[in-house]
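Here are my notes on this model, jotted down as I went through it. Have a look at the structure first, then read on.

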Amino acid sequence: MPDVLLSPAHEDLRRRVRDVRDREMVPFIARRGWDRALSAGELKALLRMTQPVGYPSAVVPKDDGGAGLDYLSLGVLVEELAPVLGFVAAHVVPRQIAMLGSPAQKRRYLPALLSVEHLSTTAITEPGVGSDAGAIAMTARRAGDRYVLDGTKAWLTIGTLAEVVTVLVSTDPARGSRGLSRIIVDMDHARLASTTYTTLGDRLLPFAEVTFSGYEVPVENRLGEEGEGLRMTLRAIQASRASMASHAVGLAQAAVDAAIAYAKERQQFGKPIGSFQLVQGSIADMIAETEAARLLANRVWTLLDRGEECAREASIAKFYATEAAVRVTSKAIQVHGAYGVSDRYPVERLFRDARMLTFPDGTSEVHRLLVGRAALGLDAFR
Ligand SMILES: Cc1cc2nc3c(=O)[nH]c(=O)nc-3n(C[C@H](O)[C@H](O)[C@H](O)COP(=O)(O)OP(=O)(O)OC[C@H]3O[C@@H](n4cnc5c(N)ncnc54)[C@H](O)[C@@H]3O)c2cc1C
């Protein structure tokens, strides 16, 4: 059933993306295994496979060397690609530099990022700073025409692979959240101390904690003015939240498809398990939740295309879709019986990957509080 918010051109893009995913990306990953972190070379090879369909330069304007697609197209790309390569939903730096960077920063960084010569990620979270991003402790001290970075960042997606990272730091600790700045950092991994986490899902991606000690960066690498870091982060964040929602929709849809196929093929009591009413009811619930989540995600992409404010809608989409994906993938495991928790079928991986999504770009609780604040005019945070 075509999505009412998508045009025939978007549906055509969906078909082309699926073709690349199933013909090139899935066999590539299956050959090396789903449970081990990708090398930089492997991740670059996978991202290059997506270039003919407009990723990773998607919504970066053509004038900046991008594909100049609309946001709904980015939603389609993320929904179809992220279930096999979660990084696609978290890959924001090219878009961020195109949106927030100076002409010189765009000239310096975008060509290598868009051609996937370089990989990139963002660094906000710290070991002691999660939801309260205004409390960032990592400092960038000005020393002539350089900043000297000191502190530890946590949970960097592909943190050990990225050549470029946009880091949120405090350039003026006395000013608290108004003293934060965003800086583009060229990562010389030989001079950085990193450790990776072992995670429940998204095992293709190394998530890292990275420590910067006396790490120098030119002042010209700052995005925007000093003290604007948090405001700039929030400006670019609605597309990130919509990406998380579309990623969740893609996982949920894959679980629905797997459950339907299994329910038709698996026989018990002399007939397909899909003929039992409880199984059909469960599949109907999975379909309804997945389609509701898709509509919510695509509403955000539509509002972004229209240049309209969508913070409230992005919060609703983010928490609803990511939690729906956890429920839907869990139900898909149930439909598969014991085989659902084995690696013979994809649903256990889909569940583990979905469970990763209720934290990044704002936890479910934080998004509920943002929606509650918009409804009630009362701020639970302060
Ligand atoms: C898959 C994945 C990828 C990530 N990628 C990145 C990345 O690339 N870069 C990066 O910087 N970070 C990344 N993160 C980190 C992510 O941004 C943080 O997990 C998130 O900000 C929440 O912080 P926390 O996990 O420390 O939880 P905390 O903020 O410590 O929260 C712990 C619990 O308390 C709840 N809580 C906190 N405050 C409140 C409140 N006021 N009211 C009610 N409940 C509250 C939370 O909802 C949560 O349930 C990633 C995380 C994951 C899981």
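1. Let me start with Ala 193, which sits in strand β6 (residues 193-196); helices here are DSSP runs of H or I with at least four residues, strands are runs of E with at least two, and both are numbered from the N terminus. Ala 193 counts as exposed because it has 11 C-beta neighbours inside 10 Å. The cut-offs, with C-beta atoms placed from the backbone, are 20 or more other C-beta atoms within 10 Å for buried, 12 or fewer for exposed, and partly exposed in between. Ser 213 is 20 residues away from Ala 193 in sequence, and their C-alpha atoms are 8.8 Å apart.

2. Some housekeeping. This is a predicted model, where local features need pLDDT of at least 70, side-chain atom pairs count only at pLDDT 80 or more, and totals for chains, interfaces and linings use all residues. Residue numbers run from 1 along each chain as its sequence is written.

3. For the classes, Ala, Val, Leu, Ile, Met, Phe, Trp, Tyr, Cys and Pro count as nonpolar, Asp, Glu, Lys and Arg as charged, and the others, Gly among them, as polar.

4. Now the ligand. Where does it lie relative to domain 2 and domain 3? It lies between them, because both domain 2 (120-229) and domain 3 (236-376) give residues to the shell around it. There are 20 residues around the ligand, and Thr 125, Gly 130, Ser 131, Thr 363 and Glu 365 come nearest; a residue is near if its C-beta atom, placed from the backbone, lies within 6 Å of the molecule. β1 (120-123), β3 (146-157) and α12 (364-376) each supply at least two residues of the shell. By class, the shell has 11 nonpolar, 7 polar and 2 charged residues.

5. α12 also packs against a helix. Helix α10 (residues 311-335) and α12 meet at an angle of about 145 degrees, their axes 9 Å apart. Those axes are lines fitted to C-alpha atoms, for helices over the stretch in contact, and angles run from 0 to 180 degrees between N-to-C directions. On the α10 side the contact includes Arg 312, Ile 316 and Phe 319, and on the α12 side it includes His 367, Leu 370 and Val 371. By class, this contact has 5 nonpolar, 4 polar and 4 charged residues.

6. A few backbone spots deserve a look. Most residues other than glycine have a negative phi, and most peptide bonds are trans. The peptide bond from Tyr 55 to Pro 56 is cis, with omega near 10 degrees, and Pro 56 is in the loop between α2 and α3 (71-81). Trp 155, in strand β3, has a positive phi of about 65 degrees although it is not a glycine. Trp 155 counts as partly exposed, with 19 C-beta neighbours inside 10 Å. Phe 269, in the loop between β9 (267-268) and β10 (271-272), has a positive phi of about 50 degrees. Phe 269 counts as exposed, with 8 C-beta neighbours inside 10 Å.

7. Leaving aside neighbours within four places in sequence, Val 249 is in contact with Glu 79, Thr 290, Ala 293, Arg 294, Ala 297 and Ala 321. Compare Leu 295 in helix α9 (residues 277-305), which is partly exposed with 15 other C-beta atoms within 10 Å.

Terms used
Domains from an automatic or database assignment. Contact = placed C-beta atoms within 7 Å.
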